[in-house]
Amino acid sequence: MFNSAMLPWITADNSDRIKNMRDTSLAKLVREDLLEHILKGAIKPGDRISEPDVANRLQVSRVPVREALRELESSGLVVSRKHAGVFVRAIEAKEVQDLYEIRSLLDSFAGAKAAALDAAPRQALAQALEASIALMVASQKQANLAAYYSENLHFHWLIVQAALNEQLSHTYQEVVQKLHLARLQSLSHVTGMKTSISEHQKITHAIAMGEQDQAKDLLARHVSSAYARLKQSMPPEPTTPIQNQPEETT
C-alpha cells in the first residue's frame, strides 16, 4: 500500500487553515482536507464518508461538507448512493485503461512543451529532474517503495508544471488522482523500477537538449508501456475493481 505517499500538489493538513480562514471558501477547505485524506489512503476506496463525522472533526456545519462532497463527486473521486451515503470510488479496470491513455497524451504534450522552453529554464528543469532521478535510484536501492512512488510522481509533476498550462495541470491532477485511487485498492508492490529509471533518464536528456519530438515520443511510450506491463499481470477480462495487482510505475 502507498497510504503514506502524497501527490505533489497535496501539501499539508488543512485543519489550521480552516481555523484561520481568510478569503478561501469554507467548502473548498473542507474539500482539500477530504481530498488529502482520500489520497493518503486514510479514507480508502469503498469507504463511506460520514458527513457528521467530518463536520465534527473540522468543527464546521454539515453544509460546507455536503458542498465539498458534491465537488469531489463531480471530479470522480467519490460516488453518492441513494439511501446509503457517499463513498470513495473504487476504480474499475476499463477506467484504468482509459486513464492511462489520457495520461499518455498529457505527459507527452507536457514533455514537448518543456523541451521547447528557453535554454535557462530548460536546464533548470533538467537539473531538477536529475535530482529527482537520484532520489528514485536511492529509494530503489533501499527498497523504499513509498518513497520511490512519491518521487516518481514528483518527476512527472515537474514536467507538467514546466509546461505553464493551467488547464493541463488541472486535468493532469484529476487523471493521476483517479489512478492513485486504483493503486490504493491494491496491496501489491511497485514493479519495473529499473526500467522506469532508465526511461526517466532518457526523457530528461531529451528535455535538456530541447528535443521536443523526442521528449514527446519518449513520454508517450513511457506511460503506454507501463500500462502494457500492468495489463500483462492482470487476469483476463476483469469485471470487478482491480485488487491485489502488481503496479507499474510511471
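This is a predicted model: local features need pLDDT of at least 70, side-chain atom pairs count only at pLDDT 80 or more; totals for chains, interfaces and linings use all residues.
1. Let's start with the E2/E3 pairing: strand E2 and strand E3 (residues 85-88) run antiparallel to each other and share four bridges. For the terms, helices (H or I, at least four residues) and strands (E, at least two) are DSSP runs numbered from the N terminus, and two strands pair if DSSP finds at least two bridges between them. Three residues separate E2 and E3 in a hairpin, and histidine 83 in the turn has a positive phi of about 65°.

2. Residues are numbered from 1 along each chain as its sequence is written, and side-chain values use heavy atoms, with hydrogens and water left out. The protein chain averages a pLDDT (the predictor's confidence in each residue, from 0 to 100) of 85, and 80% of its residues reach 70 or more. Keep an eye on residues 238-247, where pLDDT stays under 50. For that stretch the model has 32 contacts (heavy atoms within 4.5 Å) beyond four places in sequence.

3. Back to the sheet. It is open, with three strands in the order E1-E3-E2 and antiparallel pairing. Strand E1 (48-49) and strand E2 (78-81) are the edges, each pairing on one side only. Helix H4 (residues 62-74) lies across E1, E2 and E3, and runs at about 115° to E2. That angle is between N-to-C directions on a scale from 0 to 180 degrees, with axes as lines fitted to C-alpha atoms, for helices over the stretch in contact.

4. Arginine 81 turns up again in a charge-over-ring arrangement: it lies over the face of phenylalanine 87, at 4.3 Å from the ring centre. The rule here asks for NZ of Lys or CZ of Arg within 6 Å of the ring centre and within 35 degrees of the ring normal.

5. On the whole chain: the protein chain has ten helices and five strands. Of its 250 residues, 48% are buried, where buried means under 20% relative accessible area, exposed over 50% and partly exposed in between (1.4 Å probe, protein chains only). Among contacts with a separation of 6 or more, 74% are between residues 24 or more positions apart.

6. Now the aromatics. Rings of Phe, Tyr and Trp (its six-membered ring) pair if their centres lie within 6.5 Å; planes under 30 degrees apart count as stacked, over 60 as edge-to-face and the rest as tilted. The count by this rule is two aromatic pairs. Tyrosine 100 and tyrosine 227 make a tilted pair, because their ring centres are 5.1 Å apart and their planes are at 35°. This pair links distant parts of the chain, with tyrosine 100 in helix H5 (residues 93-115) and tyrosine 227 in helix H10 (residues 212-232), 127 residues apart. Tyrosine 100 is buried at 5% relative accessibility, and tyrosine 227 is buried at 12%.

7. Tryptophan 157 and tyrosine 172 have ring centres 6.4 Å apart and planes at 25°, so this pair counts as stacked. Here tryptophan 157 comes from helix H7 (residues 145-162) and tyrosine 172 from helix H8 (residues 166-184), 15 residues apart. Tryptophan 157 is buried at 7% relative accessible area, as is tyrosine 172 at 1%.

8. What is aspartate 107 in contact with, leaving aside its neighbours within four places in sequence? The answer is His156, Tyr172, Leu219 and Val223. Aspartate 107 sits in helix H5 and is buried, at 1% relative accessibility.

9. Finally, two loop residues to check by eye. Alanine 143, in the loop between helix H6 (119-141) and H7, has a phi near 55°, a positive value in a residue other than glycine. Alanine 143 is exposed, with a relative accessible area of 54%. Leucine 164 is in the loop between H7 and H8, and its phi is also positive, near 55°. Leucine 164 counts as exposed at 71% relative accessibility.
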